[in-house]
Amino acid sequence: MSEAVTVEIGEYKYGFAFPDRSVFKTRKGLDEEIVRTISRMKNEPEWMLQYRLRGLEAFRRKPMPNWGADLSEINFDEIYYYAKPTEDRKGRWEELPEEIRKTYDRIGIPEAERKFLAGVGAQYDSEIVYHNIRSDLERKGVVFCAPEDALRDHPELVRKYFGTVIPFNDNKFAALNTAVWSGGSFIYVPKGVRVEIPLQAYFRINLESFGQFERTLIIADEGSFVHYIEGCTAPIYSRNSLHSAVVEILALKGARVRYTTIQNWSNNVYNLVTKRAVAYEEAVVEWVDGNIGSKRTMKYPAVYLLGQKAHGEVLSIAFAGKGQEQDTGGKIVHAASDTSSVITSKSISKDGGIASYRGLIKVYPQLTGIKSHVVCDALLLDPQSKTNTYPYMEIESEDVSMEHEARVSRISEEQLFYLRSRGLSESEASLMIVNGFLDPLVKQLPLEYAVELNRLIELEMEGSVG
Amino acid sequence: MLLQIENLHTRIEEKEILKGVNLGIERGEIHALMGPNGSGKSTLANVLLGHPSYTVASGRILFEGQDILEADPEDRARLGMFLAFQYPVEVPGVTVGKFLKRSVEILRDGEGPLNVNKFIEELRAAMDTMGMDRSFINRYLNEGFSGGEKKRMEILQMLLFQPKLAILDETDSGLDIDALRIVAQGVNRLRGDQFSALIITHYQRILDYIKPDKVHIMIYGRIVLSGGADLVGELESRGYDWIREEVRL
């Protein structure tokens, strides 16, 4: 008798598209010539071209993952791997072509920049088209730019760290990114400098059957702090697009890096991203990973705790609606004594969506004073939806305090009836229960992002009651 | 007539539970509905608020003269009906303060946007009446509450919403005498010509503190006997068996 909760998915607000006005685009498909073309367009040093070619080779050799989300519909020959939207980057929104400017206005980036950001990079298809950082940060030596510009202006830093956290052959999609990467962010925070206001990058795909492969490298020098935020959206097309980013973070001794993602791709985007950080002595790395959109996401932000007393944290929030599969989680490697970690995962599935938590806690041999805490909560909104939990542990030391909790709950008819008998409509009651489920986690987000996340969940939950 | 129930038959799944209930409550009246376990009292309470698991097979429910059988639970609440649940559910992550503010906002629609400071003042006063610590405002709704705290929370809501009709579904069960007195005090505070109540109970105990205008006995899904407050005393001394026998006859 008990009926499913009938809340329809809200309309995706960022599904609009503008015509293809790229100033340059490679043909469909991927081969060595395309990789060489991308490298030539960017006037790269020879070592980067050679590195790309090694990536291409590894991509061809590596098998598709035989686990995780269903990727069988990806056709690598049907994708455009590089599209240059404008001739050059701008430092003022007004200088951008009208349609690109309109896109960011509708997403609200210039407004967010004025209100609460210290710097913004905006990527449109393959290139960062807008970049700006507050001058006071620049004077302190903070570098925040497109990686192509870093390669030109800070070649020694890029050469020293690029590909050191995630090697070119780490997995098939990291290899693909290595071959065709374009855009992304490069950040360097000097010793002891604290960037108190977040930096943000925004990634927008406009083209159909497109692949976006940004590359981000963050180096937080000793005792520094930075909070980096990324957001992303794309138009709704019937054909699939692919987003495969690589994000590498180095938190040197005593540094703290917080990386927040609000992923809201349209439901024709495969989002297959490799994110990894290394934390040296007493460093702290926090991944706040919100996955709301996309068709399939496979993403497990990792922290390698390499120095004593380092701390790693992953907060993962996933929302899987109709036709979506969110295969997300986190990975912590304890490679030094007295290191600690926390993984908190909350997922919501509705309308047949599948949300899976996949996590790994690894502790190297002969370590002491290791602490780790993993909590996975899943909420199912109807009987058609699914959730899975795959917690892996490889513990090779004795002195380890390891806690793991996992819970699955459902919105019950009794909860809905209770709230409705207090005047709330069925959809508002569902939303209140969902927000309540997320509340302990959302509380830990910076205010603006908590507001943004709540708004997105509200959009996903919006709709008429059947 | 505020509430008029006419020949109400209901089923849950295939089982018929209410088998022709007739009941009328005038404005300002307090009625008690008594009866043994499984007689259909809680079913009636849930059906009055429109619980989706119950199917009304026939009959009518009129509230202020309007047939509400097709109305959703939220619409019935907005008309001025309130149910104090026998087993209030936990809603993790939703604070008491947030929940109450939103409900009061909806249920007092027409009074304009809620003044938050005024609301908090009112909420604190109501909590004092109910003997509830103010720290409850920031707790998650019913989560980890004791049985007695859950019941007080229900009556606190009644005080804030000021319904035209409150249905108390065994609010007295599991309460110690002090809690019972406080709950009764909450009901008596609202008592007046704009407030009616249907108090569902097994025991006469709560009726020592809230004197009903009318008493009904429900057995096997029907109201088999109605009378004044003196019926309570009779039940007290003779139990339900004599009524059962009379019904069979």
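In chain B, helix 5 (residues 147–161) and helix 6 (residues 177–190) have axes that come within 10 Å and cross at roughly 10°. The two helices are therefore roughly parallel to each other, a label for angles under 35 degrees, while over 145 counts as roughly antiparallel, 65 to 115 as roughly perpendicular and the rest as oblique. Axes are lines fitted to C-alpha atoms, for helices over the stretch in contact, and angles run from 0 to 180 degrees between N-to-C directions. Helices (H or I, at least four residues) and strands (E, at least two) are DSSP runs, numbered from the N terminus.

This is a predicted model: local features need pLDDT of at least 70, side-chain atom pairs count only at pLDDT 80 or more, and totals for chains, interfaces and linings use all residues. Residues are numbered from 1 along each chain as its sequence is written, and chains are lettered from A and ligands numbered from 1 in the order in which they are written.

Chain A has a helix pair too. Helix 1 (residues 32–41) and helix 2 (residues 46–61) of chain A pack at an angle of about 150°, with axes 10 Å apart. That makes helix 1 of chain A roughly antiparallel to helix 2 of chain A.

The table gives both pairs.

| Helix pair | Axis distance | Angle |
|---|---|---|
| Helix 5 and helix 6 of chain B | within 10 Å | roughly 10° |
| Helix 1 and helix 2 of chain A | 10 Å | about 150° |

Next comes a loop residue. A:F168 sits in the loop between helix 7 (155–161) and helix 8 (172–180) of chain A. A:F168 is buried, with 21 other C-beta atoms within 10 Å (buried means 20 or more, exposed 12 or fewer, partly exposed in between; C-beta atoms are placed from the backbone). Beyond its neighbours within four places in sequence, A:F168 is in contact with residues including A:Y51, A:R54 and A:T178 (contact means C-beta atoms within 7 Å). The C-alpha atoms of A:F168 and A:T178 are separated by 5.9 Å, though the residues lie ten apart along the chain.

Strand 1 (residues 3–12) and strand 2 (residues 15–25) of chain B run antiparallel, joined by eight bridges (strands pair if DSSP finds at least two bridges between them). B:L3 has B:I25 as its bridge partner in strand 2 of chain B. Two residues lie between the strands, and B:E13 in the turn has a positive phi of about 50°.

Finally, the chains meet. The contact takes 22 residues from chain B and 23 residues from chain A.

Technical notes. Contact = placed C-beta atoms within 7 Å.
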